[in-house]
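Please examine the structure shown below.

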Amino acid sequence: MSARRRRALLCCLVCCVLTRSGGSQLWAQVTTDPIAPASQFSAPPAFVSPADPFAGASFVPWTWQLLPDDVLYRSYIAAPGEPRLSSAWLHESDQGWLWDFTVGARVGLLRLGAPPGAAPEGWQLDLQGSALPRLNIEQDYDLDAVDFTVGLPLTWRQGPWQTKLELRHLSSHLGDEFLLRNPGFPRLNYVRDSIVLGGGWFATPDMRLYAEADYAFNADGGAQQWHLQFGIDYAPRPLVHWLGWTGTPFAGVNGQLREENDFGGGVNVISGWQLRGALSDRLLRNGVQYYKGKSLQYSFFDEHEELLGVGLWYDY
């Protein structure tokens, strides 16, 4: 055998030994090479940004979570009476300037669903409540009326679809100052205890269409059994982040129908500029509001009003 053949045979034997005894270690070194692109060797990430509500999380195991940080079914942008923090200065065509504000909150109690950081989906039990006073600026900021709401919604969400089933209480009360100014005004005990079924569909990640039916099993003070509402929210997510600011325009339209008004009601239109929390997905909004229809205060449920003004809203 020639020297050249002996050298070739020796090289083949060395390669076989390396492949059988150390090949796996060499491959492991290659796959852990920091220069190698991670996308070639790592599995796709299981978690997604809250800014991507359509991202599938079905492969993420659902877990039980006590007091989750966020909610699956957020308040409608243009719906009056939703639990939020807000302040609006509105001019009424007959009464002059009014100050409507909301002191409310919505929190999660228990969730069976995707863990924090994943696309929002699953089942969640929430607790919500709000007080909605109206001050009459033209009358030295007298309290005209205040509505109170409290609710226990069970919500579900997956992909672009969401729904809720809620037990809700609503009551309305006239202010003492209003009664002193209007001694002959009837003092109603407007109360509704109801079951609410609502649903929403995100046509795009920025646009939600929704509808809600509210059936009262206990009603008093002029309240009737059925309330309906529907509308559209447009709250785009920022394309770029500049110095931590994530502002975008927003708009919303909400319509309400009430049986006590022969299924009349009102239309609320709102538009302006919003900031969105990068992690919490909460909204801080400011803009203009226009409403026409039956009064937003249920103590005056049979009176007509037309409102135009500006406001500031914080949504959970």
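What volume does the largest pocket have? In this predicted model, the largest pocket has a volume of about 640 Å³. Its lining consists of 37 residues, and those closest to the centre of the pocket are D70, V71, R74, S280 and D281. Two strands, β8 (207-220) and β9 (226-234), each supply at least two residues of that lining. Sorted by class, the lining of the largest pocket holds 19 nonpolar, five polar and 13 charged residues.

Rolling a probe the size of a water molecule over the atoms shows where empty space is left. The count comes to one cavity of 30 Å³ or more, and the largest cavity has a volume of about 680 Å³. The lining of the largest cavity is made up of 44 residues; A79, P80, G81, E82 and L132 lie nearest its centre. Strand β4 (residues 122-136) gives the most to this lining, contributing five residues. The class composition of the cavity lining is 19 nonpolar, 15 polar and 10 charged residues.

Strand β9, already named among the contributors to the pocket lining, also contains Q229. Is Q229 buried or exposed? Q229 is buried because its relative accessible area is 9%, which falls under the 20% limit. The side chain of Q229 makes a polar contact with the side chain of N254, at 3.0 Å. Leaving aside residues up to four places away in sequence, Q229 touches Y76, A79, E82, A211, E212, N254, G255 and Q256. Two of these neighbours, A79 and E82, are also among the residues that lie nearest the centre of the largest cavity.

D140 has a positive phi of about 55 degrees, although it is not a glycine. For Y141, likewise not a glycine, phi is positive at about 60 degrees. How do the accessibility classes of these residues follow from their values? D140 counts as exposed because its relative accessibility is 68%, and the limit for that class is over 50%. Y141, with a relative accessible area of 47%, is therefore partly exposed.

How values were computed: Residues numbered from 1 in each chain as written. Predicted model: local features only at pLDDT ≥ 70, side-chain atom pairs only at ≥ 80, totals over all residues. Heavy atoms only, no water. 1 Å grid on protein atoms, 1.4 Å probe; cavity = no way out; pocket = protein on both sides within 12 Å on 5 of 7 lines; lining within 4 Å. Points joined across faces, edges and corners; volume = space filled by probe spheres on them. Helix = DSSP H or I, 4+ residues; strand = E, 2+ residues; numbered from the N terminus. Nonpolar A, V, L, I, M, F, W, Y, C, P; charged D, E, K, R; others polar. Buried < 20%, exposed > 50% of the residue type's maximum accessible area, 1.4 Å probe, protein only. Polar contact = N/O pair within 3.5 Å; in protein donor to acceptor, adjacent residues only side chain to side chain. Contact = heavy atoms within 4.5 Å.
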